[in-house]
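Here is a walk through one protein chain. Start with a single side chain, then step back to the whole fold.

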Amino acid sequence: MRASVFSGLLLAAVHAQPVPESPAPGDVPESRLAVTELAPAQRASLRDALRKHDYVLAENMLAEAAALHAKSQALLLLLGDVLFLDGKQLNSILVLKKAELLGPLDERSRYLLALGYVSIGHRNLAIPEFEKLAASHPSAAQYPYWLARLMYRKTDFNQALLYAKKAVQLDPSFAKAYDQLGLCYGGLGMDTEAIQSYRTAIQLSEQQALRWPWPALNLGTLYLRLNRLPEAEEALSQSLILTPNFPPAHFRLGQVFEKKGDLERAVRELQKSVELDPTYPDPHYALARIYRRRKDNEAADRELKTFVELRGADTRKGTIRPD
């Protein structure tokens, strides 16, 4: 493989921060591989590389083919697909935007483009793409769901609520949309509606055997804010039953125990959260607060310094932590 061919098409690999509970687009569809510019032997080799998850080999093959067939949108779309699966969202975006110059993007490619923008933290670029998808596919619930998520992150809770309501109207079995609906209600201070939405999301997740910990986490976080500590502990424990090594749930459970005055259990939960995710800033702040209460100022200062460093790293990377 000539290195200049690949480097001429793409930047160096850029691995974006993962989007929490983002729906995976799945493997490359078989229909995507029916590219006329690839010989049957090349398609077979490409299919084998994808089956083995040897994405670098697949990317090199497609980049070389795209360099030979500069007007082939199909090759670029396929390359963008593979790059996205390989976690190289920025490169995927670049390739898909180049493909768009050759003609309109199909639904899957525009969806990958929008998700790519989300992954690299460019919400304002993602929103127009999801708006186009929602307008051209009005019966698809995933697009208003994503718009609800993005508007929520912009703290436009009223608009986010409208989109979340649209998503659950289009698909009443969409557990993640009900979870997002709960977040929107919570953002507007409509706590009763938020609790009901989270409970619906939990029920749907159980019915569909999703083992998805987020709605129980969000419900527990809301109960914690409302100082309904027994209910908060129950919900957060449920989240950890589904996903025992879930750092945000350990963090929130630590906060519950801190409020209850059980500082030993609080420290254990907070330290577990740190152990599972050493980049997570918030548990360090909570630990600093507890150590300060215990008059252990040296440990408190150490935790506070770590918190400041990790929060700064999150800001530089554009990492978004759960509320």
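Which residues does Ser239 touch, not counting residues up to four places away in sequence? The model is predicted, and in it Ser239 touches Pro213, Ala216, Leu217, Phe246 and Ala249. Ser239 itself sits in helix α13, which runs over residues 229–242. Its relative accessibility is 0%. Buried means under 20%, so Ser239 counts as buried.

Helix α3 covers residues 55–68, 14 residues in total. From first C-alpha to last, α3 reaches 20 Å. That is close to the 20 Å expected at 1.5 Å a residue. Several of its residues are buried, with alanines at positions Ala58, Ala63, Ala65 and Ala66 among them. The buried set of α3 also includes Tyr55, Glu59, Asn60 and Leu62.

Step back to the chain. Its secondary structure comes to 17 helices and zero strands. The C-alpha trace spans about 70 × 45 × 30 Å along its principal axes. Of the 323 residues in the chain, 50% are buried.

Contacts give a view of how the chain is connected. Take those between residues at least 6 apart in sequence: 58% of them join residues at least 24 apart.

The accessible surface of the chain is about 15600 Å². Carbon and sulfur atoms hold 53% of that area. The chain carries 41 positive and 38 negative charges.

Notes: Residues numbered from 1 in each chain as written. Predicted model: local features only at pLDDT ≥ 70, side-chain atom pairs only at ≥ 80, totals over all residues. Heavy atoms only, no water. Helix = DSSP H or I, 4+ residues; strand = E, 2+ residues; numbered from the N terminus. Expected span 1.5 Å × (residues − 1). Buried < 20%, exposed > 50% of the residue type's maximum accessible area, 1.4 Å probe, protein only. Contact = heavy atoms within 4.5 Å. Areas by Shrake-Rupley, 256 points an atom, 1.4 Å probe, with all protein chains shown as cover. Lys, Arg positive; Asp, Glu negative; His and termini not counted. Charge placed at Lys NZ, Arg CZ, Asp CG, Glu CD.
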